[in-house]
Amino acid sequence: MSFHAEDEQLELEERQSLQRVPGLSTQLVDISEVEYRELQLERVVLVSVWTSGTQADAELSIFELKKLAETAGSEVLDGVIQRRKVPDPSTYIGRGKVAELRDLVRETGADTVICDGEMQAAQLRNLEDQVGVKVIDRTALILDIFAQHARSAEGKAQVELAQLQYLRQRLRGWGGNLSRQVGGRASGGVGIGGRGPGETKLEIDRRRIGHRIAALRRRLRELDAVRETQRASRREASVPSVALVGYTNAGKSSLLNLLSGAGVLVQDALFATLDPVTRRLRTDSGREYTLTDTVGFIRHLPHELVEAFRSTLEETVRADLLLHVVDGSDPDPFGQVGAVRQVLGEIGAGDIPELLVVNKIDVAAEAMLLALRGKYPSAVFVSAHSQAGVPELLARIDAELPRPGVRVQVLLPYERGDLLNRIHLTGEPLEITHTEHGTLVSALVSAALAGELAPYAHE
Ligand SMILES: Nc1nc2c(ncn2[C@@H]2O[C@H](COP(=O)(O)OP(=O)(O)OP(=O)(O)O)[C@@H](O)[C@H]2O)c(=O)[nH]1
Ligand SMILES: [Mg+2]
């Protein structure tokens, strides 16, 4: 198809009406849940402009938006997608389609429209004016979920920073009407204060946001210093670190709980985990390592979040080995792997050795598992629920932990049992002989431990 023909094809399709996506409305079963939601939560219509890829891709994307909306506590009433070369610069969907969307909103009684992309301030405002209800974009929705799930002081500060950065971006061209912009629950608590002489409200808002952003950055640097101390002490003890990474809801926290007995929150919700949790474990061969569970990734992770969550993501960047968890029962696990690897590259973790772990094999389709085995022959297949594949996973972690590289031969006096213990935990003893002067050990150890063992070197 020539470029022009394709253009015409797109325009033709644009003249067709908005496409309803069946099966999108939230299934509510429990009556009390219905009442609760009607009282407290948004009733939303989803809108997606589909610019490239197949119809199936477009539907996957809007179903993911539905899952995000539900995680945020909304009830999804309906959803529409429009095929278009690019989103309309002024109204996101085609201008001709805005009236149809307004009708759909009235018909369903929705109070919010969520658009599946990142929108400009002007697009949000125009669409809001013409449709008559609150309009938010996917980024604001994800920020809202993060805000609801943040527990630690650090997590809360990171989310607020991301929200303010999002807000500051959209303040431009908003005509100074900040109160409209912060209409959603994602508002970062930016109050409107007294007006300085000669200053417009927009300038004041901008300045206040700027101050708050600077204060949050300082606070996060302080918190990060604390964490850096913990990391440094682990490095010094030369305990190798393993990080669970992967798409949100893939089962990372479930695997941490299974392997370590940690009681971390597991939920069928997106971004259940925001704060990193680390546990110390030991392999069957006796080597100690740390396993860290952390925030999940998603396609088009808002860059505000990547920047604000730098220090949380550091846990991943500093790991010696990544356990990349993929949900084998997802309709598009290959897409998930691609999205996760892209984020890993963005945060500078692209070169860390990775062990792919396909999870949820208890519910995944046989054909999909076959395709996954074909594409990723060295992956491990597990189920955190049935515990299938877990012994193999543990063996693979043991095999892929970085090996200590320094060969030493030492004669340890009996009162230095602590050093012998560390050789066992973090190194690889090759030969141990008990003599009357102490324990004669030949072993492979880390450079740090080799330094401490130097005084006991034995020919
Ligand atoms: N059937 C099945 N469900 C699983 C398995 N592992 C996890 N789940 C479910 O998948 C959902 C998400 O699990 P989590 O462990 O919270 O996933 P996560 O990767 O930590 O998710 P986030 O922290 O939200 O990014 C929960 O409902 C789990 O019960 C599995 O092996 N089989
Ligand atoms: Mg989790």
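Predicted model: local features only at pLDDT ≥ 70, side-chain atom pairs only at ≥ 80, totals over all residues.
View 1. Strands β7 and β8 (residues 288-293) run antiparallel and are joined by six bridges. Strands here are DSSP runs of E with at least two residues, helices are runs of H or I with at least four, and both are numbered from the N terminus. Two strands pair if DSSP finds at least two bridges between them. The open sheet has six strands, in the order β7-β8-β6-β9-β10-β11, with mixed pairing. Its edge strands, β7 (277-282) and β11, each pair on one side only. Residue numbers start from 1 along each chain as its sequence is written, while chains are lettered from A and ligands numbered from 1 in the order in which they are written. Local features need pLDDT of at least 70, side-chain atom pairs count only at pLDDT 80 or more, and totals for chains, interfaces and linings use all residues.

**View 2. Strand β9 pairs with β6 and with β10.** Strand β9 (residues 321-327) is largely enclosed by the rest of the structure, because six of its seven residues are buried. Buried means that 20 or more other C-beta atoms lie within 10 Å of the residue's own; exposed means 12 or fewer, and partly exposed lies in between, with C-beta atoms placed from the backbone. Strand β6 (residues 241-246) runs parallel to β9 and is joined to it by five bridges. Here V245 has H324 of β9 as its bridge partner. Six bridges link β9 to β10 (residues 354-359), again parallel. V325 is partnered by V357 in β10. From β9 the chain passes through helix α13 (residues 333-346) to β10, a right-handed β-α-β crossover. Right-handed means that, with the strands pointing away from the viewer, the path from the first strand over the helix to the second runs clockwise.

**View 3. The shell around ligand 1 holds 23 residues.** G251, S253, D268, T273 and G296 come nearest. A residue is near a molecule if its C-beta atom, placed from the backbone, lies within 6 Å of it. Helix α10 (residues 252-260) gives the largest share of the shell, three residues. By type, the shell has seven nonpolar, 12 polar and four charged residues. Ala, Val, Leu, Ile, Met, Phe, Trp, Tyr, Cys and Pro count as nonpolar, Asp, Glu, Lys and Arg as charged, and the others, Gly among them, as polar.

**View 4. M368 lies in helix α14 (residues 366-375).** M368 counts as partly exposed, because it has 18 C-beta neighbours inside 10 Å. Beyond four places in sequence, M368 is in contact with G328 and P333. Contact means that the two C-beta atoms, placed from the backbone, lie within 7 Å. P331 is 37 residues away from M368 along the chain, yet their C-alpha atoms are separated by 8.7 Å.

**View 5. Y92 and Q387 have positive phi.** Most residues other than glycine have a negative phi. Y92 has a phi of about 70°. It lies in the loop between β3 (75-83) and α4 (98-108). Y92 is buried, with 29 C-beta neighbours inside 10 Å. Q387 has a phi near 70°. Its loop runs between β11 (380-381) and α15 (390-400). Q387 is exposed, with 12 such neighbours inside 10 Å.
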